[in-house]
Amino acid sequence: MMEKSGIYKVLYLAGMVLLLTVFSTSSAYAGKAEREAEKARGFYDQGQYTEAVEAYNKALELNPEDPELQYNRAMALYRKGEYTEAEKSFLRAISEKKEKLESRVIYNAGNSKFRAAEVSQKQDPSAAIKTYEEAAKYYERSMELDPEDEDAKYNYEVTVEKIKKLNQQQNQQQDQQQNQQQDDQQQQNQQKNQQQQQKQQDKKDQQDKKDQQDKKDQQDKQDQQDKQDQQDKQDQQDKQDQQDKQDQQDKQDQQDKQDQQDKQDQQDKQDQQDKQDQQDKQDQQDKQDQQGKQDQQDKQDQQDKQDQQGKQDQQDKQ
């Protein structure tokens, strides 16, 4: 892209030539406005574009109708990188009495648009295409005002080529996006089918697991019931065995008690018999003792009678 400078020096930037023009102060400037314009030009030449814009703003406050001040302010804004504000300032610099200036203004407004499009190209290609199209319109208008302006023609061709390439890139991106969307949709469909199949399989597995669990629970319940029945039967048998054992024990105890009673009765009878025998023996002994005593008494009585008889016989003898 071409830019026009004050000495018409051609600068090649990013494949385009920018030919920028900064007007020198003219006799139209008066007093403070002229001094501010000179200061702004000094800042511009030193590359201090922010200070140049501020100085041109002050000059325009003093002389707002001067198109050259607007134009130079636009150039400073352009150099500063504020392309949108530069475009507005270029357009305000248009004067019906200066067609050549108008051509340069329109041309550099196109440059501002071009640079603004470059700035937004990466982030928003669609907006950049529209801005490039606006830049192309500026270059077309500049060529209408100055048909011999080769710079405007060159920049127009570069801009059209930019638009063509960006459209191609966007079409490619759209095709890629469409293909990507189709691939994504296909992948989503596959994932959905897989998910449905997995869901069905999970449902089947879950049902099989449930059936298996139900079968196991039923078997466990049956086993538990069988075990309980067996336990009940065993408990009943144990109870019966215990009862039989108890009955047998009771019978044995009763028999033992009866045997003990019989033995006791027999012992009592024996004791009674022994007592009776002892009593009989005692009675016999007593009877015998009494008989012995009686015999002894009888003997004593007989002895006494014999002694008395003897004594009587003796007396009778005397």
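Mentor: Begin with the word contact: it means heavy atoms within 4.5 Å. Keep in mind that this is a predicted model.

Trainee: Which residues of α3 meet which residues of α4?
Mentor: From α3, take Gln70, Tyr71, Arg73, Ala74, Met75, Leu77 and Tyr78. They meet Tyr83, Glu85, Ala86, Ser89, Phe90 and Arg92 in α4. By class, the residues of this contact are 8 nonpolar, 2 polar and 3 charged.

Trainee: How is the geometry of such a pair described?
Mentor: Two packed helices are described by the angle between their axes and the distance between the axes. Here, α3 spans residues 67-80 and α4 spans residues 83-92. Their axes come within 8 Å and cross at roughly 165°. Angles over 145 degrees count as roughly antiparallel, so α3 is roughly antiparallel to α4. The crossing of α3 and α4 is left-handed.

Trainee: At what angle do the axes of α1 and α2 cross?
Mentor: Roughly 165°, with the axes coming within 8 Å. Helix α1 covers residues 31-45, and helix α2 covers residues 49-62. The two are therefore roughly antiparallel to each other. α1 passes α2 in a left-handed crossing. On the α1 side, the contact is made by Lys32, Ala33, Glu36, Ala37, Lys39, Ala40, Arg41, Phe43 and Tyr44. On the α2 side are Tyr49, Glu51, Ala52, Ala55, Tyr56, Lys58, Ala59 and Leu62.

Trainee: How many residues of each class does the contact of α1 with α2 have?
Mentor: There are 11 nonpolar and 6 charged residues, with no polar ones.

Trainee: How far apart are the axes of α6 and α7?
Mentor: They are 9 Å apart, and the packing angle is about 160°. Helix α6 runs over residues 125-145, helix α7 over residues 150-317. α6 and α7 are therefore roughly antiparallel to each other. Their crossing is left-handed. Among the contact residues in α6 are Ile129, Tyr132, Tyr139 and Met143. Those in α7 include Tyr156, Ile163, Leu166 and Gln170. The contact of α6 with α7 divides into 12 nonpolar, 6 polar and 4 charged residues.

Trainee: Now single residues. Is Tyr71 buried or exposed?
Mentor: The cut-off for buried is under 20% relative accessible area. Tyr71 has 0%, so Tyr71 is buried. Tyr71 sits in helix α3.

Trainee: With which side chain does the side chain of Tyr71 make a polar contact?
Mentor: With that of Asn108, at 2.7 Å. Tyr71 can also be placed relative to Arg104. The two are 33 residues apart in sequence, and their C-alpha atoms are 9.1 Å apart in space.

Trainee: What about Arg115: buried or exposed?
Mentor: Arg115 has a relative accessible area of 9%, so this residue is buried. Arg115 lies in helix α5, residues 99-120. The side chains of Arg115 and Glu118 are joined by a polar contact of 2.6 Å.

Trainee: Let me step back. How many helices and strands does the chain have?
Mentor: It has 7 helices and 2 strands. Along the sequence, the pattern is β-β-α-α-α-α-α-α-α.

Trainee: What share of the chain's residues is buried?
Mentor: Of the 318 residues, 25% are buried.

Trainee: And what share of the contacts with a separation of 6 or more links residues 24 or more positions apart?
Mentor: That share is 54%.

Methods
Residues are numbered from 1 along each chain as its sequence is written. This is a predicted model: local features need pLDDT of at least 70, side-chain atom pairs count only at pLDDT 80 or more; totals for chains, interfaces and linings use all residues. Side-chain values use heavy atoms; hydrogens and water are left out. Axes are lines fitted to C-alpha atoms, for helices over the stretch in contact, and angles run from 0 to 180 degrees between N-to-C directions. Helices (H or I, at least four residues) and strands (E, at least two) are DSSP runs, numbered from the N terminus. Angles under 35 degrees count as roughly parallel, over 145 as roughly antiparallel, 65 to 115 as roughly perpendicular and the rest as oblique. A crossing is left-handed if the near helix is turned anticlockwise from the far one by less than a right angle, and right-handed if clockwise. Ala, Val, Leu, Ile, Met, Phe, Trp, Tyr, Cys and Pro count as nonpolar, Asp, Glu, Lys and Arg as charged, and the others, Gly among them, as polar. Buried means under 20% relative accessible area, exposed over 50%, partly exposed in between (1.4 Å probe, protein chains only). A polar contact is a pair of N or O atoms within 3.5 Å; within protein, one must be able to donate a hydrogen and the other to accept it, and residues adjacent in sequence count only if both atoms are side-chain atoms.
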